[in-house]
There are 2 protein chains.
Amino acid sequence: MKKVKIYVTLRESVLDPQGSAVMGSLHKMGYGDVADVRIGKYLELLISDDTRDIDAYVNEMCHKLLTNTVIEDYRFEIEEAVSQ
Amino acid sequence: MKKVKIYVTLRESVLDPQGSAVMGSLHKMGYGDVADVRIGKYLELLISDDTRDIDAYVNEMCHKLLTNTVIEDYRFEIEEAVSQ
(Lines give C-alpha, C1' and ligand atoms only; values in the text may rest on other atoms or scores of the structure.)
Protein backbone atom coordinates (compact mmCIF):
# COMPACT_ATOMS: atom_id res chain seq x y z
CA MET A 1 0.00 0.00 0.00
CA LYS A 2 1.04 3.56 -0.66
CA LYS A 3 0.11 6.39 1.67
CA VAL A 4 -0.60 9.62 -0.17
CA LYS A 5 -0.62 12.85 1.85
CA ILE A 6 -2.46 15.66 0.13
CA TYR A 7 -2.25 19.26 1.33
CA VAL A 8 -4.98 21.56 0.06
CA THR A 9 -4.67 25.31 0.58
CA LEU A 10 -6.68 28.31 -0.53
CA ARG A 11 -4.92 30.32 -3.22
CA GLU A 12 -3.14 33.40 -1.94
CA SER A 13 -5.59 35.73 -3.66
CA VAL A 14 -8.64 34.10 -2.05
CA LEU A 15 -9.99 35.45 1.24
CA ASP A 16 -10.03 32.98 4.11
CA PRO A 17 -12.87 33.97 6.49
CA GLN A 18 -12.37 30.84 8.60
CA GLY A 19 -8.70 31.71 9.07
CA SER A 20 -9.59 35.32 9.94
CA ALA A 21 -12.09 34.12 12.54
CA VAL A 22 -9.51 31.85 14.15
CA MET A 23 -6.96 34.66 14.15
CA GLY A 24 -9.49 36.96 15.82
CA SER A 25 -10.07 34.37 18.54
CA LEU A 26 -6.33 33.87 19.06
CA HIS A 27 -5.85 37.62 19.45
CA LYS A 28 -8.69 37.82 21.99
CA MET A 29 -7.05 34.98 23.92
CA GLY A 30 -3.83 36.97 24.10
CA TYR A 31 -1.86 35.41 21.25
CA GLY A 32 -1.07 38.73 19.62
CA ASP A 33 2.10 37.47 17.93
CA VAL A 34 0.03 35.65 15.33
CA ALA A 35 0.04 37.77 12.17
CA ASP A 36 -1.92 35.50 9.85
CA VAL A 37 -3.87 32.25 9.83
CA ARG A 38 -4.82 30.27 6.73
CA ILE A 39 -6.80 27.08 7.02
CA GLY A 40 -6.70 24.25 4.51
CA LYS A 41 -7.37 20.54 4.32
CA TYR A 42 -5.09 17.60 4.84
CA LEU A 43 -6.02 14.23 3.34
CA GLU A 44 -4.42 10.86 3.79
CA LEU A 45 -5.26 8.21 1.19
CA LEU A 46 -4.24 4.58 1.15
CA ILE A 47 -3.82 3.38 -2.42
CA SER A 48 -3.13 -0.10 -3.70
CA ASP A 49 0.37 -0.89 -4.96
CA ASP A 50 -1.16 -2.23 -8.19
CA THR A 51 -1.97 1.29 -9.39
CA ARG A 52 0.22 1.92 -12.41
CA ASP A 53 0.77 5.68 -12.56
CA ILE A 54 -0.03 6.76 -9.02
CA ASP A 55 0.94 10.41 -9.67
CA ALA A 56 -1.54 10.71 -12.51
CA TYR A 57 -4.13 8.78 -10.49
CA VAL A 58 -3.89 11.20 -7.55
CA ASN A 59 -3.86 14.29 -9.78
CA GLU A 60 -7.01 13.06 -11.52
CA MET A 61 -8.83 12.50 -8.21
CA CYS A 62 -7.74 15.92 -6.97
CA HIS A 63 -9.07 17.62 -10.07
CA LYS A 64 -12.32 15.69 -10.23
CA LEU A 65 -13.33 15.54 -6.58
CA LEU A 66 -10.88 16.32 -3.82
CA THR A 67 -10.05 19.95 -4.55
CA ASN A 68 -11.60 22.99 -6.18
CA THR A 69 -8.78 24.12 -8.44
CA VAL A 70 -10.44 27.47 -9.09
CA ILE A 71 -9.79 28.62 -5.53
CA GLU A 72 -7.48 25.97 -4.11
CA ASP A 73 -3.92 24.76 -4.66
CA TYR A 74 -2.74 21.32 -3.68
CA ARG A 75 0.44 19.34 -3.39
CA PHE A 76 0.99 15.75 -2.39
CA GLU A 77 3.60 13.29 -1.18
CA ILE A 78 3.63 9.55 -1.75
CA GLU A 79 5.21 7.21 0.73
CA GLU A 80 5.23 3.51 1.57
CA ALA A 81 2.43 2.78 4.06
CA VAL A 82 3.66 1.16 7.25
CA SER A 83 1.56 -1.93 7.92
CA GLN A 84 0.01 -1.97 11.36
CA MET B 1 8.33 36.12 10.59
CA LYS B 2 8.07 32.39 11.15
CA LYS B 3 5.67 30.22 9.20
CA VAL B 4 4.20 27.42 11.28
CA LYS B 5 2.54 24.52 9.46
CA ILE B 6 0.18 22.53 11.65
CA TYR B 7 -1.24 19.18 10.57
CA VAL B 8 -4.29 18.03 12.50
CA THR B 9 -5.52 14.47 12.07
CA LEU B 10 -8.23 12.41 13.71
CA ARG B 11 -6.83 9.77 16.07
CA GLU B 12 -6.65 6.28 14.56
CA SER B 13 -9.38 5.00 16.86
CA VAL B 14 -11.86 7.71 15.86
CA LEU B 15 -14.28 7.10 12.99
CA ASP B 16 -14.00 9.54 10.09
CA PRO B 17 -17.42 9.80 8.43
CA GLN B 18 -16.24 12.59 6.11
CA GLY B 19 -13.38 10.41 4.91
CA SER B 20 -15.72 7.45 4.41
CA ALA B 21 -18.08 9.60 2.35
CA VAL B 22 -15.24 10.81 0.14
CA MET B 23 -14.00 7.23 -0.31
CA GLY B 24 -17.50 6.14 -1.29
CA SER B 25 -17.63 8.88 -3.92
CA LEU B 26 -14.18 7.95 -5.25
CA HIS B 27 -15.24 4.31 -5.59
CA LYS B 28 -18.42 5.29 -7.43
CA MET B 29 -16.29 7.39 -9.78
CA GLY B 30 -14.17 4.35 -10.57
CA TYR B 31 -11.20 4.94 -8.27
CA GLY B 32 -11.39 1.49 -6.72
CA ASP B 33 -7.69 1.39 -5.79
CA VAL B 34 -8.32 3.75 -2.87
CA ALA B 35 -8.43 1.64 0.30
CA ASP B 36 -8.85 4.38 2.87
CA VAL B 37 -9.39 8.13 3.17
CA ARG B 38 -8.84 10.17 6.32
CA ILE B 39 -9.48 13.90 6.33
CA GLY B 40 -7.80 16.37 8.63
CA LYS B 41 -6.95 20.04 8.81
CA TYR B 42 -3.91 21.93 7.68
CA LEU B 43 -3.17 25.33 9.21
CA GLU B 44 -0.54 27.89 8.28
CA LEU B 45 0.25 30.53 10.89
CA LEU B 46 2.54 33.51 10.57
CA ILE B 47 4.12 34.31 13.91
CA SER B 48 6.35 37.22 14.87
CA ASP B 49 10.07 36.58 15.31
CA ASP B 50 9.86 38.25 18.73
CA THR B 51 8.07 35.26 20.22
CA ARG B 52 10.44 33.72 22.74
CA ASP B 53 9.57 30.03 22.93
CA ILE B 54 7.68 29.48 19.69
CA ASP B 55 7.33 25.72 20.27
CA ALA B 56 5.57 26.24 23.58
CA TYR B 57 3.52 29.09 22.07
CA VAL B 58 2.21 26.88 19.26
CA ASN B 59 1.55 23.92 21.56
CA GLU B 60 -0.46 26.16 23.86
CA MET B 61 -2.60 27.52 21.01
CA CYS B 62 -3.17 23.98 19.72
CA HIS B 63 -4.35 22.77 23.10
CA LYS B 64 -6.51 25.79 23.86
CA LEU B 65 -8.14 26.47 20.51
CA LEU B 66 -6.81 24.93 17.33
CA THR B 67 -7.28 21.23 18.01
CA ASN B 68 -9.45 18.94 20.08
CA THR B 69 -6.86 16.74 21.72
CA VAL B 70 -9.48 14.23 22.84
CA ILE B 71 -10.09 13.06 19.28
CA GLU B 72 -7.30 14.72 17.29
CA ASP B 73 -3.54 14.47 17.02
CA TYR B 74 -1.39 17.24 15.67
CA ARG B 75 2.16 17.89 14.62
CA PHE B 76 3.81 21.05 13.37
CA GLU B 77 6.83 22.39 11.54
CA ILE B 78 8.38 25.82 11.92
CA GLU B 79 10.17 27.50 9.06
CA GLU B 80 11.38 30.96 8.09
CA ALA B 81 8.61 32.79 6.23
CA VAL B 82 9.64 33.95 2.77
CA SER B 83 8.76 37.62 2.43
CA GLN B 84 6.66 38.37 -0.61
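Student: How many bridges join S2(A) to strand S2 of chain B, and do they run parallel or antiparallel?

Tutor: Keep in mind that this is a predicted model. To read strand pairing, look at the bridges and at the direction of the two strands. Here 13 bridges join S2(A) to S2 (residues 34-47) of chain B, and the two strands run antiparallel.

Student: Which strand of chain A is joined to S2(A), and by how many bridges?

Tutor: That is S1(A), joined to S2(A) by seven bridges in an antiparallel arrangement. One pair to look for is A:Val8 with A:Lys41. S2(A) is mostly covered, with ten of its 14 residues buried.

Student: Now the interface as a whole. How many residues are in contact between chain A and chain B?

Tutor: Start with the residue count, then turn to the area. Chain A contributes 38 residues in contact with 38 of chain B. The area buried between them is about 3100 Å², and carbon and sulfur atoms give 62% of that. On the chain A side, A:Tyr31, A:Asp33 and A:Tyr42 lose the most area to chain B, together 21% of what that side buries.

Student: Which elements give two or more residues to that side of chain A?

Tutor: They are strand S1 (2-10), helix H1 (17-28), strand S2 (34-47) and helix H2 (54-66) of chain A. S2(A) gives the most, with 14 residues. By type, the residues on this side divide into 20 nonpolar, eight polar and ten charged.

Student: With charged residues there, how many salt bridges are counted between chain A and chain B?

Tutor: The count is zero. Polar contacts tell another part of the story: 16 residue pairs across the interface are in polar contact.

Student: Let's zoom in on one residue. Is B:Thr51 buried or exposed?

Tutor: B:Thr51 counts as buried because its relative accessible area is 10%, and the cut-off is under 20%. You will find B:Thr51 in the loop between S2 and helix H2 (54-66) of chain B.

Student: What does B:Thr51 touch, leaving out residues up to four places away in sequence?

Tutor: B:Thr51 touches A:Asp33 and B:Tyr57. The side chains of B:Thr51 and A:Asp33 are joined by a polar contact of 2.8 Å. Within chain B, a polar atom of the B:Thr51 side chain lies 3.0 Å from the backbone oxygen of B:Ser48.

Terms used:
Residues numbered from 1 in each chain as written. Chains lettered and ligands numbered in written order. Predicted model: local features only at pLDDT ≥ 70, side-chain atom pairs only at ≥ 80, totals over all residues. Heavy atoms only, no water. Contact = heavy atoms within 4.5 Å. Buried area = accessible area lost by both parts, 1.4 Å probe. Salt bridge = Lys/Arg side-chain N within 4 Å of Asp/Glu carboxyl O. Polar contact = N/O pair within 3.5 Å; in protein donor to acceptor, adjacent residues only side chain to side chain. Helix = DSSP H or I, 4+ residues; strand = E, 2+ residues; numbered from the N terminus. Nonpolar A, V, L, I, M, F, W, Y, C, P; charged D, E, K, R; others polar. Pairing = 2+ DSSP bridges. Buried < 20%, exposed > 50% of the residue type's maximum accessible area, 1.4 Å probe, protein only.
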